[in-house]
Amino acid sequence: MFKRRKSKKQRPAEGAVLDSLAESGESFEQEATEGPFDVSDAPDDDVRRIDLGAIRLPVPKGVGFQAQTDAKGNISQVLLTTGASALQLLVRAAPRTEGIWDEFRGELTAQVTGQGGQVEEVEGRWGTELIAKVASKNGTNSVRFCGVDGPRWFVQATFQGQRALDEDAAPELDEALRLLVIDRGSIAMPVREPLPLKLPPKMAEEAAARIAQRKAEGGDGNRAIIAAGDTPRPQVRRKPSPRPKR
């Protein structure tokens, strides 16, 4: 993970909309430890990763990959699954000067409790984490929210299924998160904006063909689910996790 240390320089004015590419009045030193990795510090290893544009996604043995995409291969949701556990990933633009996980935790807590759920803040494998429990038709649905602040990016990781309550339930998913590589790029973006993710060409062609076939058969919808890896069918719900407003 990345750790940030504040310098003693003066804090810049509040209210910036874009993450800055220029030097500001405050800087942070990023120390790469065990991952996820910025592309500038990516390890030279033989790990199999899928190039999704802003991220290089590792898919360890025993893990399945699913992406919800449009006909052009633009990804709106990334999910890794193994057994009865899943990991949903979202990568956002972040300020140059500070992390956003502390603020996100507060917003997620308010959102879950506002829906009648319960939230517990715990110290876990990925630092300060949230375990949220929300009542559903099938009982209580639990998810674990984790966040990693990096240099101008933020990884929002949501564990579902058994891994939400048991840190040892799906080590393959933690390994995938640890070996994730983020390529933030140099274009200024609104803070919290999801970084663009796109399927590799062959997968994008498959998605376009599926959508076209469905429409030719009289169906509707402009999205498809593309799967790869060892477990194409997760045994947990794929309902997207709550996302704080930008």
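**Entry 1: E129 and its strand**

I began with E129, and, leaving out residues up to four places away in sequence, I found that E129 touches E120, E121, V122, G124, R144, F145, C146 and E167, where a contact means heavy atoms within 4.5 Å. E129 sits in strand β10, and I note that helices (H or I, at least four residues) and strands (E, at least two) are DSSP runs, numbered from the N terminus. With a relative accessible area of 0%, E129 is buried; buried means under 20% relative accessible area, exposed over 50% and partly exposed in between, with a 1.4 Å probe and protein chains only.

**Entry 2: what kind of model this is**

I remind myself that this is a predicted model, in which local features need pLDDT of at least 70 and side-chain atom pairs count only at pLDDT 80 or more, while totals for chains, interfaces and linings use all residues. Residues are numbered from 1 along each chain as its sequence is written, and side-chain values use heavy atoms, with hydrogens and water left out.

I looked up the confidence next: the protein averages a pLDDT of 84, and 80% of the residues score at least 70, pLDDT being the predictor's confidence in each residue, from 0 to 100. Confidence is lowest in strand β1 (residues 2–6), at a mean of 38, and highest in strand β13 (residues 181–182), at 98. Over residues 1–17 the pLDDT is below 50, although this stretch has 58 contacts in the model beyond near neighbours in sequence. Residues 234–240 also have pLDDT below 50, and there I noted 19 contacts beyond near neighbours in sequence.

**Entry 3: helix α1 and R105**

Helix α1 (residues 101–114) has 14 residues and reaches 20 Å from its first C-alpha to its last, close to the 20 Å expected at 1.5 Å a residue; the expected span is 1.5 Å times one less than the number of residues. Which residues of α1 are buried? I found W101, F104, R105, L108 and V112. They cover an arc of only 100 degrees around the axis, which puts them on the same side of α1; the arc is that of the directions from the helix axis to the C-beta atoms. The face turned away from this buried side carries the exposed residues D102 and G114. Among the elements covering the buried residues of α1 are β9 (118–124) and β10 (127–136).

I then turned to R105, which counts as buried at 12% relative accessibility. Its side chain is joined to that of D102 by a polar contact of 2.9 Å, that is, a pair of N or O atoms within 3.5 Å, where within protein one must be able to donate a hydrogen and the other to accept it, and residues adjacent in sequence count only if both atoms are side-chain atoms. Not counting residues up to four places away in sequence, R105 touches E121, T128 and L130.

**Entry 4: helix α3**

Helix α3 (residues 201–216) has 16 residues and reaches 22 Å from its first C-alpha to its last, close to the 22 Å expected. In α3, M203, A204, A207 and I211 are buried, and they cover an arc of only 105 degrees around the axis, which puts them on the same side of the helix. On the other side of α3, P201, K202, E205 and A216 are exposed. The cover over the buried residues of α3 includes β4, β6 (64–70) and β14 (223–229).
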